[in-house]
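Trainee: I've got a new model open and I'd like to talk it through with you. Can we go from one spot to the next?

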Amino acid sequence: MSKSKRRLLFFAEAVTLSHVVRPAVLAQALDPAQYEVYLACDPRYSFLFAELPFPVISIKSAIPQENITERLSSGQSLFDVPMIEAYVKEDLRLMAALSPDVVVGDMRQSLSISARLAHIPYVNIINAQWSPSAHTPFELMQNPMSPFVGETLASLALNIFAPLGFAAHAAPHNVARIKFGLPPLPWDIKDLYSDGDFTLYPDIPQLVPTQGLPPHHRYIGPILWSPQTPF
């Protein structure tokens, strides 16, 4: 009797294109003779992909596409408590329907809760700059203090007060964790973003170095992709 295939459920939170590309590329790299793969993602970027060789389940990102850049550039938290709770319920529904052996997520922060509630191993894809073991200076796409005090002082102030901002980002998630009966994570966005039973960094240590990396955190190198176009 042949060994049954391992079933993997990938979740891609469509905050940016990269969060959809990376799970899609990794899922396609798996041997279909050994793995049964599903991808759950918002279809907002689907026009950039050729037909994928596995089922794609449509889920809706709760962040309107037109608001993503504004939130990221201003440093606002991407997810609030009701949004996280709704995501957890949707995650659990899909896990119950598909019974995956492993779930893999890219920016699907609700999996830090739902995968633990479902007792399913959770693999998290996140850039190494968000690792608690990375000590690179924090930068915003647009520092709101720069017009008033200049770039140098604005960057200094940002890194001094960054821990408070990181705690504010982690607050909605920790509130949701407590409501679902799980202990809170450290009040730092880096601990939140990198939480997983296994955490994969699509980077190389020469570009984004870390110190004291936990054994379940691994660099896997850049995930390369280009859209299917007629040109």
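Trainee: What is the length of the polar contact that joins the side chains of Asp195 and Ser112?

Mentor: Bear in mind that this is a predicted model. Asp195 sits in the loop between helix H7 (189-193) and strand S6 (198-201). Its side chain makes a polar contact with that of Arg116 at 2.6 Å. For the side chains of Asp195 and Ser112, the polar contact comes in at 2.5 Å.

Trainee: Is Asp195 buried or exposed?

Mentor: Leaving aside neighbours within four places in sequence, Asp195 is in contact with Ser112, Arg116, Tyr122, Asn124, Arg177 and Leu185. Its relative accessible area is 15%. The cut-off for buried is under 20%, so Asp195 counts as buried.

Trainee: Moving to Ile113, how far apart are the C-alpha atoms of Ile113 and Pro183?

Mentor: Ile113 belongs to helix H4 (residues 111-118), and at 0% relative accessibility it is buried. Not counting residues up to four places away in sequence, it touches Ile84, Val88, His173, Ala176, Arg177, Phe180 and Leu182. Ile113 and Pro183 are 70 residues apart along the chain, yet their C-alpha atoms are separated by 9.9 Å.

Trainee: Which element gives the most to the largest nonpolar core?

Mentor: That core has 23 residues, and the ones touching the most other members are Phe10, Val20, Leu39, Tyr45, Phe49, Phe54 and Val104. Two or more residues come from each of strand S1 (6-12), helix H1 (18-29), strand S2 (35-41), strand S4 (102-106) and strand S5 (122-125). With five residues, the one that gives the most is H1.

Trainee: How many residues are in the second, separate core?

Mentor: Let's finish with Val20 before we get there. Not counting residues up to four places away in sequence, Val20 touches Ala12, Ala14, Cys41, Tyr45 and Phe49. The second core is separate and includes Ile63, Leu182, Ile189 and Tyr193. Its residue count is 21.

Trainee: How many residues of S1 are buried?

Mentor: Look at the partners of S1 to begin with. It pairs with S2 in the parallel sense over seven bridges, and with S4 in the parallel sense over five bridges. S1 is largely enclosed by the rest of the structure, because the number of its seven residues that are buried is five.

Trainee: Now some backbone angles: what is phi of Met107 near?

Mentor: Met107 lies in the loop between S4 and H4, and with a relative accessible area of 8% it is buried. It is a residue other than glycine, but its phi is positive, near 65°.

Trainee: Is His119 buried or exposed?

Mentor: His119 is found in the loop between H4 and S5. It isn't a glycine either, though its phi is positive at about 60°. Its relative accessibility is 72%, and the cut-off for exposed is over 50%. So His119 counts as exposed.

Terms used:
Residues are numbered from 1 along each chain as its sequence is written. This is a predicted model: local features need pLDDT of at least 70, side-chain atom pairs count only at pLDDT 80 or more; totals for chains, interfaces and linings use all residues. Side-chain values use heavy atoms; hydrogens and water are left out. Helices (H or I, at least four residues) and strands (E, at least two) are DSSP runs, numbered from the N terminus. Buried means under 20% relative accessible area, exposed over 50%, partly exposed in between (1.4 Å probe, protein chains only). A polar contact is a pair of N or O atoms within 3.5 Å; within protein, one must be able to donate a hydrogen and the other to accept it, and residues adjacent in sequence count only if both atoms are side-chain atoms. Contact means heavy atoms within 4.5 Å. A nonpolar core is a set of buried Ala, Val, Leu, Ile, Met, Phe, Trp, Tyr and Cys residues joined through side-chain atoms within 4.5 Å. Two strands pair if DSSP finds at least two bridges between them.
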